[in-house]
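Here are some notes to read alongside the model, written for someone meeting it for the first time. Please keep the structure open as you go through the points.

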Amino acid sequence: MKKLIAATLMAASTLACATQERPPQPKDEWNGNDKAMHFGVSFVIGYATANQWPKEPLKAWAVALIPGVLKEATDQKASGKDMAANILWVVQGLSLIH
C-alpha cells in the first residue's frame, strides 16, 4: 500500500507540473527530453501497481495508466508519442512482477 501511495503522490506532482505554463515545445520527437520523465514516472507506477495487485495484472495495468492519461488530457498539446511512452514503460514496470 505504501508503494501505491508513493506512486500516486509522484503522479500528482507530475500532473501539477503539467498544468503549469511552459514555453512552446519544439517538435515532439521519439527521443525528446520529456520521454525520460515519462519513463521514470510510468515505470515506477507500473511496478507499484504490480506489487499492489500481483494476481490481477489487467487491473494493475489499467490503474497504472490513469496518471499518464490524465497528464496527456491536461496538456495543452497532447502527444500520442508521450502516451505510447507511458504505455511502454508501464508494461516494463509490470513485467518485473508478472
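Is F39 buried, partly exposed or exposed, and what is its relative accessible area? F39 is partly exposed, with a relative accessible area of 34%; here buried means under 20% relative accessible area, exposed over 50%, and partly exposed in between, with a 1.4 Å probe and protein chains only.

1. Before we go on, a word on the source. This is a predicted model, in which local features need pLDDT of at least 70 and side-chain atom pairs count only at pLDDT 80 or more, while totals for chains, interfaces and linings use all residues. Residues are numbered from 1 along each chain as its sequence is written, and side-chain values use heavy atoms, with hydrogens and water left out.

2. Now the overall layout. The protein has four helices and zero strands, and from the N terminus on its elements run α-α-α-α. Helices (H or I, at least four residues) and strands (E, at least two) are DSSP runs, numbered from the N terminus. Of the 98 residues in the protein, 32% are buried. A contact is a pair with heavy atoms within 4.5 Å; among contacts between residues at least 6 apart in sequence, 75% join residues at least 24 apart.

3. W89 has a relative accessible area of 26%, so W89 is partly exposed.

4. Next, the nonpolar core. The largest one has ten residues: V41, I45, A50, W53, A60, A64, L65, M83, V90 and L94. Helices α2 (34–52), α3 (57–74) and α4 (80–95) each supply at least two residues of this core. Such a core is a set of buried Ala, Val, Leu, Ile, Met, Phe, Trp, Tyr and Cys residues joined through side-chain atoms within 4.5 Å. Its member M83 touches L65, G68, V69 and E72, leaving out residues up to four places away in sequence.

5. Helix α2 is worth a look from end to end. It has 19 residues and reaches 27 Å from its first C-alpha to its last, close to the 27 Å expected at 1.5 Å a residue. The expected span is 1.5 Å times one less than the number of residues. Among the buried residues of α2 are K35, H38, V41 and I45.

6. The buried residues of α3 are A60, A64, L65, P67, G68, K71 and E72.

7. Leaving aside neighbours within four places in sequence, E72 is in contact with H38, A78, S79, D82, M83 and N86.

8. Finally, the charged pairs. Side chains of opposite charge can pair when their charged atoms come close. A salt bridge is a side-chain nitrogen of Lys or Arg within 4 Å of a carboxyl oxygen of Asp or Glu, and the count comes to four. K35 bridges to D34, with the closest N and O atoms 3.3 Å apart. D82 bridges to K35 at 2.7 Å between the closest N and O atoms, linking helix α4 to helix α2 across 47 residues. K35 counts as buried at 8% relative accessibility, and D82 is buried at 4%, whereas D34 is partly exposed at 27%. K71 and D75 also meet in a salt bridge, at 2.7 Å from N to O.
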